Amino acid sequence: MPRAPRAPRLPRLPRRPRRRRRFVPDFDPAHGDAELARALDDIAMGRWQGMRELLSGPEEDGARRTHRIRVLAHAAAGSSATRFWQAAEPDSGDAAVLRAATEVVRVFHLAIAAGHGTTLDRARIDAAARTCLDAADRHPDDPMPWVSLLTLARLYEDGVPRRDLRRWWDEMRRRDPYNVEGHVQMLRYHSARWHGTHGRMYDFARDAAGASPPGSPLPVLVQIARAEEYRYIADGAQGRVVRGFDQHWKHELAVTEIRRTWERWILWRADGPVAPHLIAELNYLVHAACLAGLLQEAAGLFRLLEGRAAHLPWTYTGDAAAQFTAWRTRLLGTP
C-alpha cells in the first residue's frame, strides 16, 4: 500500500529577540522594608492596627524605628489613623510618638500650602510642639519626639530660642547620639534657607561627620549640606548664570569630601544588602559622586542601591526618575 505523502515542512521562523525589560527606579518609601509596607497598606485601608504591630514589637535598631515612624507619619498625615489609635489606646507611648510626628508633617503641609513668605499661625506650631513634648513624656526612652521638635523648629518665624534648641538637641542625642534623621533636621535648621548660613550648616555637618564612629552614615551630612546649598542658590538665581556655580559639585573640596564619606562609611559597612533606613542617605552620596565625576564610586553605590531611589536630592537638579535611570544605565551598562 503506497505511503501517504509527508506534509511539507514549514520553514522555521526566526525567533524574536527577547525584549529587555526597561528599568524603572523604585521610589517606594519603604525601601524594601516588608513589615513597613504592610503597615502602610493598613493606613491606606483606614486601619491603625498595622502601625501598632510594627512599632510595638522588639526594636533592636533605633535608626530603623526612626525611619519607620517618619514614613508612617507622612502616610498617616492625610488620615485619622493616628487619632483613632490614640483614642483606642490612650496609654500607648508608641501611639503618642507617631501622633506627634504626624502632627509635625501636617503643619509642614500647611506651611507649603500657605506659600513662601507667608507666616504660619504661631498657635498651630505651638500646638504641634506640645504634642511632641507630651509624646516625650509618654515614651521617655524614644529619641523620635525630639527629632520631631527639631523638625518643627524650622517653622518658627524667628527660629527657636537657643536654650530650647540646645535642650531638644541634647535630649535627642542622650537617647541616640548618632541619630541620622535628627542630625539632618538640625543641619537644615542651620541652613541659609531657614535660620542660619551656608557656613554654619557646613560647620555643623563637618563637625558631626568628624565625631561619628567608623561605619556611621553621618559623614554624608556634608553631601546633604552641598545639596541644600545648591538648591538655595539655584532657587535664588531663577535661571540667571551664577559665576563659578558650574563647579559646585566637582571642585577639589567637594570631591575630597565625597571620598572621605566613602572611606568613613561605605568601606566600613558590613557586607550584604543596604538596610532600608539608609537608602535616602545613600541616594545623596551617589548623586554627589555622579555630579563630581567619581564614576567608579558611583557605580558601586548604584549596585548597593539595587534600584531603590529617593526623590531627594535628585529633584534639586532635574527630574528624579530620569536622572537616576540615566546615570545608572550609563555606569552599570544595562538597564
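**Exercise 1. Find which residues of α9 and α11 meet, and describe how the two helices pack**.

Solution. Step 1: α9 contributes H183, V184, L187 and R188, and these meet L221, I224, A225 and E228 of α11. Contact here means heavy atoms within 4.5 Å. Helices (H or I, at least four residues) and strands (E, at least two) are DSSP runs, numbered from the N terminus.

Step 1: sort this contact by class. It has five nonpolar, one polar and two charged residues. Ala, Val, Leu, Ile, Met, Phe, Trp, Tyr, Cys and Pro count as nonpolar, Asp, Glu, Lys and Arg as charged, and the others, Gly among them, as polar.

Step 2: note the basis of the values. The model is predicted: local features need pLDDT of at least 70, side-chain atom pairs count only at pLDDT 80 or more, and totals for chains, interfaces and linings use all residues. Residues are numbered from 1 along each chain as its sequence is written, and side-chain values use heavy atoms, with hydrogens and water left out.

Step 3: Two packed helices are described by the angle between their axes and the distance between the axes. For α9 (residues 180–189) and α11 (residues 221–237) the angle is about 35° and the axes are 11 Å apart. Axes are lines fitted to C-alpha atoms, for helices over the stretch in contact, and angles run from 0 to 180 degrees between N-to-C directions. The crossing of α9 with α11 is right-handed. A crossing is right-handed if the near helix is turned clockwise from the far one by less than a right angle, and left-handed if anticlockwise.

**Exercise 2. State how α10 and α11 are oriented to each other, and list their contact**.

Solution. Step 1: the axes of α10 and α11 cross at roughly 165° and come within 8 Å. Step 2: the two helices are therefore roughly antiparallel; angles over 145 degrees count as roughly antiparallel, under 35 as roughly parallel, 65 to 115 as roughly perpendicular and the rest as oblique. Step 3: α10 passes α11 in a right-handed crossing. Step 4: on the α10 side the contact includes H198, M201 and Y202, and on the α11 side it includes E228, E229 and Y232. By class, the contact of α10 with α11 has 10 nonpolar, one polar and four charged residues.

**Exercise 3. Describe the largest cavity and its lining**.

Solution. Step 1: the structure holds one cavity of 30 Å³ or more, and the largest cavity has a volume of about 30 Å³. On a 1 Å grid over the protein atoms alone, a cavity is a set of points where a 1.4 Å probe fits but cannot get out, and a pocket is an open set with protein on both sides within 12 Å along at least five of seven lines; lining residues have an atom within 4 Å of a point. Grid points are joined across faces, edges and corners, and a volume is the space filled by probe spheres set on the points.

Step 1: the lining consists of S191, A192, R193, H198, M201, E228, E229 and Y232. Step 3: α10 and α11 each give two or more residues to this lining, and α11 has the largest share, three residues. Step 4: the lining divides into three nonpolar, two polar and three charged residues.

**Exercise 4. Describe the second largest pocket**.

Solution. Step 1: the second largest pocket has about 270 Å³ of space. Step 2: its lining has 14 residues, and R162, L165, M186, H190 and R200 lie nearest its centre.
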